[in-house]
Each structure stands twice: as C-alpha cells, then as structure tokens.
Amino acid sequence: MSTQPSPTTLPTSTRIYSVSQLKLYDLCPKRYQFQYLDRIKTEIQYIESYVGCRVHDTLEHLYQRLEAGELPPISEILTFYRRQWETLWNNHVEMSHSNNSREWHRRFGEKCLRRYYTCFYPFHAPDIELIGLEWKFQMTLRGPQGEYQMRGQLDRLSRHSDGTYIVHDYKTAKYVPSLQKLQQDIQPGVYQLAVKHTFPDADKIEVIWFYLASQRELSPTLPEDRLAALESSLLQRIEKIEASEEFLPQLSPACRWCDYKQLCPAYLEQRFSHGAERRRYLPTDWGD
Ligand code: SF4
C-alpha cells in the first residue's frame, strides 16, 4: 500500500472545509452555525448512520485481510460485523423516527454485506493495486479571495495497471438516485478532485458508488470541464460562507432530523404556531 501526503505538511492557516460542511450550509445556514461555528456538540447518531458505520468498518476489515493475502469466508466477516455492532452500540443511537426494530436494522446491515461479498467474491483483481482504505485527503483550493483547504476521507482508493485511479464509495441507503442526480451531488466530484490534486499522474480517474442493498453500481465520474466548474463552485460556496455575517434558519422537512431543533428560534416558533406550516415541519413524536 503506498503512502499518502500527510495533512500536517499542508498549510493550515486557513479554515478547513469538508463536503458535509458545505452541504449542511446549503441545507440550513443556522444549523451550520450551531454545528461548525458555535461547535455545539450533539451525541445523537441515527440508526441508519449506525448501520452504515458498522458496514463500513466491516468492509474495511475485509479489505485489510484481502490485502494481507487472506480470503476470509463470509461467516467470519459477519461475525466481525455482529461483534462490532454489539461492542459499539450505545445509548446515543436514536431509533425514535424509524418504524423498524434494532434487530431489523442489524439484519439489514448483514444483508448488505452478504450481497457485497457474493457480488465480488473471490475479490481477485491482479491488475488493481490498493492505495488506501479510508483514504484521507486534504487539498488546497485557490480563489481570487484567498486559498482554502478541503479535507475528507473516501472508502477505498485503488489504481489499475493502465494508470486509472479508482475511487470506491459504499452506500447503505436503500434509495438509489439517478446518475444525473448523483452527478449534481458535490461528494463524488470532490473525491475526484482530491485524487487529481494529490497525484500528478492521475490523468484518468473513475469514481464508483456502490449501493449495497440493491447491488447497483453508478459511476458519477465528471468530465474535465464539469470538474473545473465544480472547483469554481466550491470556491464560491466557501467564499460565501466566509463572508456571511448572519446564518439564517431555513425551515424544511429536514428539520425533523435536526439535532438543534430545541435551540432553533424558527423551529420553536413553528412549534407554538398552528396550521399547515406547523404540521409540515414538526416531528410526529413531539408529544404535544
Ligand atoms: S430546526 Fe430546521 S431551521 Fe432550525 S437549525 Fe435545524 S434545520 Fe435549520
């Protein structure tokens, strides 16, 4: 496995952004403020996210063993998953908005892993070199107002013997978007940019999004012109945030899953109002 540049060797004087930060600002600037500027910590983790994390841990474990020259049977992979599930389970995992039980979610993760294993067994790819699992990156974006850092982590990065870099990301969501919609999401493009910025020889990059529940693979790789446009739009987003003096709440159905509901003046105002707007944004389990 080759090494990657250490983030500590890169400039750190500017504020560092991530895909999650930029997406959260788009969703609701107030929520962005609570989380990234006021740094108000919430310990809630929704069950869907918990399942996703345990499946990702397990796939990382699988690829570590493959890299070590082993081919573990699916029974061992599922044993690892179950052990992680029980060991890391905690009181902050939030079930209340899910109609399914804890056990249902655990089995759903297992099903995803079985399907992935069956799909790629025996994982024999002699032309592919693994570059990194949970590969971390930090890149510099230079704009007219200054330079900014973006960092993140992608599930797996490998390189084909023909020189193509391959970005792999696993998704446990049941919903599979259209390719067009996925290409409008900044996440795949940011990963593609990160590889391009990190490896001078990365002339060919392929991005693969694998949806485990449906065993569907999408390739939201952007052509050069769209990648350049994405880089400009990332800079514009960051510069807009940097210039913001006010972070206004943006009510939407996503408020139901916001951890800062009880701190948000706009949301609380809705709570004590009546009519259609109230029904639209309030969770059904608020209890009043
Ligand atoms: S409750 Fe809604 S409007 Fe308020 S911070 Fe959260 S997402 Fe934004």
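Reply: Apart from neighbours within four places in sequence, Tyr116 is in contact with Leu59 and Leu212. The model under discussion is predicted. Tyr116 belongs to helix α5, which covers residues 102–120. Is Tyr116 buried or exposed? Tyr116 counts as buried because 21 C-beta neighbours lie inside 10 Å, and the cut-off for that class is 20 or more.

In soluble globular proteins, nonpolar side chains tend to be buried together. Here the largest nonpolar core contains 27 residues, and Leu157, Val167, Tyr191, Ala194 and Val195 have the most contacts inside it. At least two residues of this core come from each of α1, β4, β5, β6, α7, β7 and α8. Tyr191 gives an example of the packing: with neighbours within four places in sequence left aside, Tyr191 is in contact with Leu154, Val167 and Val207.

Helix α1 leads on to helix α2. The axes of α1 (residues 19–27) and α2 (residues 29–37) come within 5 Å and cross at roughly 140 degrees. That angle makes α1 oblique to α2, because only values over 145 count as roughly antiparallel. On the α1 side, the contact is made by Gln21, Leu24, Tyr25 and Leu27, while α2 contributes Pro29, Arg31, Tyr32, Gln35 and Tyr36. Sorted by class, this contact has six nonpolar, two polar and one charged residues.

Within α2, the residues Lys30, Arg31, Tyr32, Gln33, Phe34 and Gln35 are buried. The buried residues of α2 pack against α1. After α2 comes Arg39, with a positive phi near 55 degrees.

Which of the 14 residues around the ligand come nearest? They are Cys28, Pro249, Cys255, Cys258 and Cys264. By class, the shell has 10 nonpolar, one polar and three charged residues.

Definitions and conventions. Residues are numbered from 1 along each chain as its sequence is written. This is a predicted model: local features need pLDDT of at least 70, side-chain atom pairs count only at pLDDT 80 or more; totals for chains, interfaces and linings use all residues. Axes are lines fitted to C-alpha atoms, for helices over the stretch in contact, and angles run from 0 to 180 degrees between N-to-C directions. Helices (H or I, at least four residues) and strands (E, at least two) are DSSP runs, numbered from the N terminus. Angles under 35 degrees count as roughly parallel, over 145 as roughly antiparallel, 65 to 115 as roughly perpendicular and the rest as oblique. Two residues are in contact if their C-beta atoms, placed from the backbone, lie within 7 Å. Ala, Val, Leu, Ile, Met, Phe, Trp, Tyr, Cys and Pro count as nonpolar, Asp, Glu, Lys and Arg as charged, and the others, Gly among them, as polar. A residue is near a molecule or strand if its C-beta atom, placed from the backbone, lies within 6 Å of it. A nonpolar core is a set of buried Ala, Val, Leu, Ile, Met, Phe, Trp, Tyr and Cys residues joined through C-beta atoms within 7 Å. A residue is buried if 20 or more other C-beta atoms lie within 10 Å of its own, exposed if 12 or fewer, and partly exposed in between; C-beta atoms are placed from the backbone.
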